[in-house]
Amino acid sequence: MIGKLMGQRRFMGKASLTTPLLFQSKRLCFSVLYLFTTLFLALYVSLSPTKCIFRSSPFDPIQAPLFSYPPNYGEHKYAISTVRSSCTAPVHFSDYWMVLKKIQDSCRNSTIFLPGLRYIQGNADTFGGNFSTQKRISYFDHRDDGKEVPCGFMKEFSISKSDRIAMEKCGSVVVVSAIFADHDKIRQPKGLGSRTLENVCFFMFVDDTTLKGLDYHKVISTQSQEYKVGAWRLVRVSSQHLYKNPAMNGVIPKYLVHRLFPNSKYSIWVDAKLQLVVDPLLLIHSLVISENVDMAISKHPFFVHTLEEAMATARWKKWGDIESLKLQMETYCGLGLKPWTQDKLPYTSDVPDSALILRKHGMRSNLFSCLLFNELEAFNPRDQLAFAYVRDKMRPKVTMNMFEVEVFEHIAVEYRHNLKHSGTKLPQSSKTKRASPDLFANGTCSMCESYLLEMWGEPRN
């Protein structure tokens, strides 16, 4: 009996020596497993570049490079770093194949994009007609569908016949960008699904200065009749009838995309300083179709009120004619422009980051684009300044998804403009034209005093 007990003790001692104490408690094991799993997920989320976007299922991305650039072109230089510690409004992307079918079906049903707009035809000294303020205001109320509206093309937009035919054939989704005065690099979109290039058109508008720069770097040959750089088809725009300001020339495809591509149902404008890293079909579906809006655009990372943007434009010399900025803001304040308040909801801001614009080509979004373009020609190409004025004053109202900055930074990578223009000689910029001394004197300007007092929360006299 004693020998049997001693044998059991030896057996138990042996078991306790061979089995670590950590694994003798199931509760402790589960706790440790939970701890390490949580730490892993936290590390993954903190390091993941897509904290603001989610896909419900994988899709077949294009793995091969869309274009091989010469080493000296440097299309991936000078990216602007962004640091966002959180994501307040993550975006869910649906299954790629479901999105593809849904967009294909909607593009076949043309009735959902009706009614259309009728445009004023004719010849003028400027591309947009240069209408007076009162004349432009008269087109803001478009509840009468039969009324024609001014929408550019009062002068010829000189492109080749083959390019025009290709643009008219684009009948689904078009992604549009532009480079004038060799101001940016051509960057290929990333994250495209295997069927996207068959269903999405990519068009890049360029001038002769940009083409010379591309030829200098041997990205293209100017001896060719048509230009293709990866996903992008390049459209040469003759400078014969263009504006002297390259930024204003870029405004034409940016806001008149529905006229350049009359058969496209959806469009994405991408500033050339951006590189898309999410499939355009997923973007259109998640940010426009699923939200049931006419257009989607990011909120500005810093400003909410129009006059904040106007003062920053003057301070950082983003537009040289300060006197014209003053005139523009006084005009808008006199016509009823107010700072943003909750009364403007569902519009969540008065200032967008307009580097990325997604549109459904319907009457409201087309009208907004036409009216905004007319304001840009009347004053300057700084579209954030006229944005809220047009949006708040037009009828019928345009519906917008003004998504968070964090989302913008996860669907596109931003780069600096060209720091060196090789092989091209750019025109010298004119000197800044100062405004008269009373601009924002003592924190006010004549027509915008009540605006500023309300924006700053000051009591009115």
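The following exercises, each with a worked solution, concern a predicted model.

**Exercise 1. Work out which disulfides the structure holds, and which parts of the chain each of them ties together.**

Step 1. A search of the whole structure finds three disulfides, and a disulfide is a covalent bond between the sulfur atoms of two cysteines.

Step 2. Cys 151 and Cys 370 make up one of these pairs, with 2.1 Å between their sulfur atoms, and the link is left-handed, with -75° about the S-S bond. Because Cys 151 sits in the loop between strand 4 (148-149) and helix 5 (161-169) while Cys 370 belongs to helix 13, the bond ties together parts that are 219 residues apart in sequence.

Step 3. Another pair is Cys 170 and Cys 201, whose sulfur atoms are 2.2 Å apart, and this disulfide is right-handed because the torsion about its S-S bond is about 115°. Since Cys 170 is found in the loop between helix 5 and strand 5 and Cys 201 in strand 6, the parts tied together are 31 residues apart in sequence.

Step 4. Cys 333 is joined to Cys 448, with an S to S distance of 2.1 Å, and here 105° about the S-S bond makes a right-handed link. Cys 333 is part of helix 12 and Cys 448 lies in the loop between strand 14 (412-414) and helix 16, so parts 115 residues apart in sequence are tied together.

Step 5. Cys 107, by contrast, is in no disulfide, and the nearest cysteine sulfur, that of Cys 170, is 9.3 Å away, whereas the cut-off for a disulfide is 2.5 Å.

**Exercise 2. Decide whether Cys 333 and Cys 448 are buried or exposed.**

Step 1. The cut-off needed here is that a residue counts as buried under 20% relative accessible area.

Step 2. Cys 333 has a relative accessible area of 11%, and is therefore buried.

Step 3. Cys 448 has 0% relative accessibility, so this residue also counts as buried.

**Exercise 3. Describe how helix 12 is placed, and explain why it can be called largely enclosed.**

Step 1. Helix 12 covers residues 322-334, and its 13 residues reach 18 Å from the first C-alpha to the last, which is close to the 18 Å expected.

Step 2. Ten of the 13 residues are buried, and therefore helix 12 is largely enclosed by the rest of the structure; among the buried ones are Ile 322, Leu 325, Met 329, Tyr 332 and Cys 333.

Step 3. The buried residues pack against several other helices, namely helix 4 (133-137), helix 11 (306-315), helix 13 (363-378), helix 14 (383-393) and helix 16 (449-455).

Step 4. Just after the helix, Gly 336 adopts a positive phi of about 105°.

Terms used:
Residues are numbered from 1 along each chain as its sequence is written. This is a predicted model: local features need pLDDT of at least 70, side-chain atom pairs count only at pLDDT 80 or more; totals for chains, interfaces and linings use all residues. Side-chain values use heavy atoms; hydrogens and water are left out. Helices (H or I, at least four residues) and strands (E, at least two) are DSSP runs, numbered from the N terminus. The expected span of a helix is 1.5 Å times one less than its number of residues. Buried means under 20% relative accessible area, exposed over 50%, partly exposed in between (1.4 Å probe, protein chains only). Contact means heavy atoms within 4.5 Å.
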